[in-house]
Amino acid sequence: MTSSCAARGTPGSLSILNTRITVEHIARYFKEDWAVTDIQRDLPQLTREEIEAAVQYYLNHRADIERDLRRSREIYESNAPTQESVPA
């Protein structure tokens, strides 16, 4: 991604400049076969160029981002409430 489209956020997360939207977030849309126009409709604060840059970054760094996505999912699952702990 060009410097006008991205900025490093928390360690290991690359975000679209001046937003809290990460490349990981855009990658999830992309992996679910969303088109750029559909992503832009869902995230209107992003330009087409920013979305395309995020997708290209994902494609160029797929192994690292996939690892980060797995790690995020594992953290979520280990901290998510279980059925037994949710009051009825």
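Asp-64 and Arg-67 both lie in helix α4 (residues 62-79), 3 residues apart, so about one helical turn separates them. Helices here are DSSP runs of H or I with at least four residues, numbered from the N terminus. This is a predicted model, in which local features need pLDDT of at least 70 and side-chain atom pairs count only at pLDDT 80 or more, while totals for chains, interfaces and linings use all residues. Residues are numbered from 1 along each chain as its sequence is written, and side-chain values use heavy atoms, leaving out hydrogens and water.

Asp-64 and Arg-67 form a salt bridge, with their closest N and O atoms 3.3 Å apart. A salt bridge means a side-chain nitrogen of Lys or Arg within 4 Å of a carboxyl oxygen of Asp or Glu. Asp-64 has a relative accessible area of 39% and is partly exposed; Arg-67, at 39%, is also partly exposed. Partly exposed lies between buried (under 20% relative accessible area) and exposed (over 50%), using a 1.4 Å probe and protein chains only.

In helix α4, Arg-71 and Asp-68 are likewise 3 residues apart, about one helical turn. Their side chains meet in a salt bridge at 2.4 Å, N to O. Asp-68 is buried at 8% relative accessibility, whereas Arg-71 is partly exposed at 42%.

These residues belong together: salt bridges link Asp-64, Arg-67, Asp-68 and Arg-71 in a network. The whole structure has 7 salt bridges.

Conventions:
Helices (H or I, at least four residues) and strands (E, at least two) are DSSP runs, numbered from the N terminus.
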